[in-house]
Amino acid sequence: MALKRKIAYIDLTTGEIQVKPIPVEIRKQFLGGRGLDAYLLYNHTKKGVDPLSPDNVLLISAGLLAATCASATTRTHVMAKSALTGLLGSTNMGGFFAPELAWAGFHHLVIRGKAEKPSYLFIHDGEIEIRDAGNLWGRSTTETQWAIREELRDPEVKCLVIGPAGEKLVRFANVMTGIKDSGGRTGMGCIMGSKNLKAVAARGTMDIGIAHPEEALEFNKRFIDQIASSKVNQTQGTLGTPFIWGATNSWGGVRARNFQYNQCEFADDIEPERLDEIATETMGPHHMAGCFGCQVHCRARYKLPSGPYAGKYDEGPEYTTLGAFGAMPDCRNAETVLTCNYLVNQYGMDNLETGAMISWAMELYELGILTREQTDGIDLRFGNDEALVEMVSRICGRKGWLGDTLADGGIPASEKIGRNSFDYLVQVKGMNNLHSDERATPALALNVATASRGSDHLRSRPAIDLYHLPEEVLRKIYSSPVPYDGPLSSDHTVYEGKPWQVFWQENCYMAVDCLGICKYHTVFLGPTHPNFEDWAKVIRYNTGLEFTPKDIWDVAVRCNTIERMFNLREGLTRSDLKKGDMLNHRYFDEPCRRGAPGVVGRYIDKEKFIRMVDELYEHKGLDKEGVPKPETLKKQGLESEPSHRL
Amino acid sequence: MQKNNKILKIDYEKCTGCRLCELVCAVKHDRVSNPVRSRIRVIKWESEGVYIPVTCQQCEEAPCVLGCPAKALSRNEDLGRVEVDYTKCIGCRTCVSVCPFGAMHFVATDRKVIKCDLCDGDPQCVRFCEVEAVRFVDTRDLGLEKGREAARRLQAADRKAVSLLGAQ
């Protein structure tokens with residue numbers, strides 16, 4: 001049974017390992033995955049802990065439904081205090097690692113301390129070993145994975161690894177599994193590197209009992225039919241996530257030249273159809289691949305067609321890669337985007353943060369805030385493809401003054417560069433915004449401003465707000481499982497009703513992150529996709545646990561509150577530009593210059609934005625400063641946290 | 001005419017590598033999730049992006065049937081499959097050794113061999129594979145589909161050759 005999966009406490013300093021069951025009462029409060037990780041982080045770290053110290057804890061988990069007969073139960077979650085933001089570090093990835101961890105007997109790993117020398121963990125059928133990783137240190141993410149398989153003489157071992165960027169403590173180093181499945185945001189690879197932990201390898205052959213197998217199978221089939229019949233996932237399954245980039249760019253919702261424009265012009269070479277051609281030419285017509293148990297198959301397999309790495313096999317590129325190495329630095333060549341994609345995948349570095357940092361530096365260079373001396377002679381203007389590729393390598397290797405400076409993340413770099421460089425850094429809570437431009441979309445702006453891990457779309461983005469769905473359809477979605485009779489609007493440019501949508505999505509995404517299901521299997525891009533009602537059923541069929549849709553909602557609300565409590569404990573203050581729920585001034589001061597007629601000239605109205613934040617706080621049961629009210633904590637059963645129950 | 005002419009046909013180039021077939025196979029047969037209990041396995045070379053589902057071919061002259069010292073394996077013509085009679089099986093794993101496809105598996109925890117039984121005529125791997133990398137098709141014209149694809153390629157090559165000649 002999924003409920004038999006255990007939690008392991010691993011101290012890398014002492015080598016001590018303790019294994020415990022996860023009590024059902026804890027499951028009922030936090031489910032698993034990201035939600036339970038948030039509970040563990042709040043309970044196992046002390047206020048003000050140095051993220052790079054042995055006292056920080058690294059949490060690696062599979063969702064409650066990992067490897068069960070629900071659909072796309074593939075996601076691995078990693079959490080710690082972030083060295084990039086000094087706040088909540090949290091990242092989530094697809095692939096095949098989480099199911100393997102579950103088959104090996106575990107759902108949660110709590111890793112503290114620091115290994116004396118480079119090490120990796122090998123987890124197999126209830127056993128955990130700490131092994132020497134001396135021969136793996138310095139190797140790329142894929143080389144590391146294949147070397148571990150060879151050493152363990154088992155090609156079925158699945159690994160979660162860091163690359164050279166994590167070893168060099170690049171603050172936005174990622175954790176990776178497979179060719180390109182990345183936990184990119186908030187620099188969890190940096191935390192692994194700080195613990196001398198090169199990899200976690202898993203291999204499992206233990207049964208996961210299914211409580212009601214016939215029902216689970218039939219419901220899974222229904223899920224698949226529902227998802228496979230939707231246009232959005234059919235397109236996703238053909239063109240991958242680049243299709244979203246193409247669609248968003250067409251109306252003007254993509255950051256270009258850092259944040260100067262909201263649309264990337266003359267981008268034919270990086271349009272999704274062009275990338276699809278490259279994948280077809282190099283890997284054949286059936287080049288899409290899927291994560292565990294998923295029928296969306298949204299990632300492309302391809303070989304680099306040209307450039308210094310021509311012929312190398314890679315996967316992607318993703319929606320975010322096109323923004324990071326295409327629109328933001330204004331480099332519009334497929335070869336450049338694919339080269340950078342390959343490099344960050346091999347180095348183990350977040351594509352978004354890397355691209356955003358370089359684009360910011362390009363703007364500073366053009367403004368004269370960064371000099372050619374500071375760029376170590378690189379002509380770092382927008383559209384200089386060679387400079388972009390070179391900077392990716394320099395950041396990973398911390399080479400040169402600028403490479404080393406940018407590797408420390410946006411806020412420290414802005415302090416080092418000085419002058420008014422910070423004004424141009426499009427970040428929230430110390431993490432750069434993804435490549436989307438939210439100036440014309442108040443709901444999306446509220447999402448990035450208030451996301452618990454910094455500027456990010458996967459925490460609370462009401463992406464369907466852009467579909468202009470009829471109000472009655474919106475009402476059907478957003479009035480369940482808790483009633484809502486406030487305003488809702490089909491118009492993406494208005495401010496009314498958006499806080500509720502953001503609040504609802506925040507709970508929706510938390511729920512799937514607890515279950516370990518991919519967001520493409522929920523109301524993210526597909527308004528008709530599975531929902532709280534469906535999850536109540538899959539939980540029952542697969543684990544035997546009884547939850548009502550409202551129970552799941554309550555768990556999600558609780559888990560979001562505990563993430564908030566962690567952030568507040570570590571210094572989040574509402575209007576702080578570096579650690580708060582606040583946007584860069586450019587959202588308020590610089591109107592959109594390109595895009596569809598209804599987009600040109602739009603910007604975020606600061607007063608209305610502040611009122612949206614107020615309203616969101618009310619929905620979340622927070623006071624005006626964004627702190628949970630005592631009655632909220634009581635209602636959610638969090639008044640005695642940290643409770644140290646696990 | 002035979003009662004069942006259908007076989008599992010695998011178009012490996014269509015496989016997305018998701019391993020849902022492994023999951024549903026184990027759940028259907030053993031009511032648990034565990035790929036080591038699956039009768040179909042997706043073999044992968046991840047560094048090249050190659051995924052190939054492998055399962056029992058239900059051979060006509062099956063090495064497992066020929067090799068079984070206990071005569072526990074036999075062909076069931078009604079269901080078009082090779083099947084194990086567990087009342088006769090002695091667990092010697094000869095079938096695992098002789099199967100040229102690696103499609104016989106030994107489940108270490110249960111101490112027994114397992115193989116594809118076509119789910120008695122409704123293979124779950126086929127039912128769940130949305131991209132149709134695994135299909136349940138009639139054997140009567142098995143080669144025709146491939147033949148058509150090959151013919152199309154030949155025609156395209158022929159046209160190209162004609163145009164090249166014309167250019168000379």
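A:V448 is buried in this predicted model, with 27 other C-beta atoms within 10 Å; the cut-off for calling a residue buried is 20 or more. This valine sits in helix 17 of chain A, which covers residues 442-450. Leaving aside residues up to four places away in sequence, A:V448 touches A:V428, A:N433, A:E438, A:S455, A:D456 and A:H457. A:K519 is another matter: 71 residues separate A:V448 from A:K519 in sequence, and their C-alpha atoms are 17 Å apart in space.

Now for the domains. Chain A splits into domain 1 (2-203), domain 2 (230-432) and domain 3 (442-635). Between domain 1 and domain 2 of chain A, the C-alpha centres are 26 Å apart. Their contact draws on 33 residues from domain 1 of chain A and 28 residues from domain 2 of chain A. On the domain 1 side of that contact, helix 4 (141-152) and helix 5 (164-167) of chain A each put in at least two residues. Helix 5 of chain A gives the largest share of that side, three residues. By class, the side of domain 1 of chain A that touches domain 2 of chain A has 13 nonpolar, 16 polar and four charged residues.

Next, a pair of helices. Helix 7 (residues 213-228) and helix 20 (residues 532-543) of chain A pack with their axes 8 Å apart, at an angle of about 145°. Their crossing is left-handed. From helix 7 of chain A come A:E215, A:A216 and A:F219, and these meet A:K537, A:V538, A:Y541 and A:N542 of helix 20 of chain A. Sorted by class, this contact is made of four nonpolar, one polar and two charged residues.

Among the buried ones are B:E22 and B:K28, along with B:L20, B:L23 and B:V27. Just past the end of helix 1 of chain B, B:R31 has a positive phi of about 60°.

On to the strands. Chain A has an open sheet of six strands, ordered 2-1-6-3-4-5, with mixed pairing. Strand 2 (17-21) and strand 5 (88-93) of chain A are at the edges and have a single partner strand each, so one side of each has no neighbour in the sheet. Ignoring direction, neighbouring strands of this sheet are turned by 15° against each other on average.

| Strands | Bridges | A facing pair |
|---|---|---|
| Strand 3 (residues 58-62) and strand 6 (residues 106-112) of chain A | Four | A:L59 and A:V110 |
| Strand 5 (residues 73-76) and strand 6 (residues 81-84) of chain B | Four | B:N76 and B:R81 |

The chain B pair is a hairpin, with four residues between strand 5 and strand 6 of chain B. In its turn, B:G80 takes a positive phi of about 65°.

How values were computed. Residues are numbered from 1 along each chain as its sequence is written. Chains are lettered from A and ligands numbered from 1 in the order in which they are written. This is a predicted model: local features need pLDDT of at least 70, side-chain atom pairs count only at pLDDT 80 or more; totals for chains, interfaces and linings use all residues. Axes are lines fitted to C-alpha atoms, for helices over the stretch in contact, and angles run from 0 to 180 degrees between N-to-C directions. A crossing is left-handed if the near helix is turned anticlockwise from the far one by less than a right angle, and right-handed if clockwise. Two residues are in contact if their C-beta atoms, placed from the backbone, lie within 7 Å. Ala, Val, Leu, Ile, Met, Phe, Trp, Tyr, Cys and Pro count as nonpolar, Asp, Glu, Lys and Arg as charged, and the others, Gly among them, as polar. Two strands pair if DSSP finds at least two bridges between them. A residue is buried if 20 or more other C-beta atoms lie within 10 Å of its own, exposed if 12 or fewer, and partly exposed in between; C-beta atoms are placed from the backbone. Domain bounds come from an automatic or database domain assignment.
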